Amino acid sequence: GQIPFLQLDGEKMMYAGFSGCNRIFGKYERDGAAIKFSGGGMTRMACLAPEAQTIESKMTAALPKINRFENKNGVLSLYADDKLLLRLMSLGR
């Protein structure tokens, strides 16, 4: 049911979100287009839907590898060097 998301708090330099089955959280550092996610944690709810488990595995494996981002037209693209790992669309407010 719930759509995976990632929310960045620029004042506290923390992130929180939902990865498909569980809530995720941690810290991040940013310098220009460089970004690094660290100190990640997550809840440990059972994940019974195979599609949600696949999404969660990819999202949680990608976060520690990410080292740069692009934010264009409401789309946040997260990269490990030149390899696109995650693409997140803004849902607006």
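Predicted model: local features only at pLDDT ≥ 70, side-chain atom pairs only at ≥ 80, totals over all residues.
In helix 1, the residues Ala52, Glu56, Met59 and Ala62 are buried. They lie on the same side of helix 1, because the arc they cover around the axis is only 140 degrees.

**Helix 1**

- Helix 1 has 13 residues, which at 1.5 Å a residue should span 18 Å; the end C-alpha atoms are 18 Å apart, so the two values agree.
- An α-helix has 3.6 residues a turn, so residues three or four places apart point the same way.
- Pro50 and Lys58 are exposed and belong to the face of helix 1 that is turned away from its buried side.
- The packing partners of the buried residues of helix 1 are strand 1 (5-9), strand 2, strand 3, strand 4 and strand 7.

**Nonpolar core**

- Fifteen residues make up the largest nonpolar core, and those with the most contacts inside it are Leu6, Tyr15, Phe37, Leu63, Ile66, Leu78 and Leu86.
- At least two residues of this core come from each of strand 3 (23-31), strand 4 (34-42), helix 1 (50-62), strand 6 (75-80) and strand 7 (83-89).
- In soluble globular proteins, nonpolar side chains tend to be buried together.
- Leaving aside residues up to four places away in sequence, Ile66 touches Ile35, Lys36, Phe37, Leu78, Tyr79, Leu85 and Leu86.

**Aromatic pairs**

- The structure contains two aromatic pairs.
- Tyr28 and Phe37 form a tilted pair, with 6.1 Å centre to centre and 40 degrees between the planes.
- Tyr28 counts as buried because its relative accessibility of 6% falls under the 20% cut-off.
- Phe37, with a relative accessible area of 5%, is buried by the same cut-off of under 20%.
- Through these ring pairs, Tyr15, Tyr28 and Phe37 are linked into a cluster.

**Charge over a ring**

- The charged end of Arg68 sits over the ring of Tyr79, 4.0 Å from the ring centre.
- Tyr79 is also one of the residues touched by Ile66.

How values were computed
Residues numbered from 1 in each chain as written. Heavy atoms only, no water. Core = buried A, V, L, I, M, F, W, Y, C linked by side-chain atoms within 4.5 Å. Buried < 20%, exposed > 50% of the residue type's maximum accessible area, 1.4 Å probe, protein only. Helix = DSSP H or I, 4+ residues; strand = E, 2+ residues; numbered from the N terminus. Contact = heavy atoms within 4.5 Å. Phe/Tyr/Trp six-rings, centres within 6.5 Å; stacked < 30°, edge-to-face > 60°. Lys NZ or Arg CZ within 6 Å of the ring centre and 35° of its normal. Expected span 1.5 Å × (residues − 1). Arc of directions from axis to C-beta.
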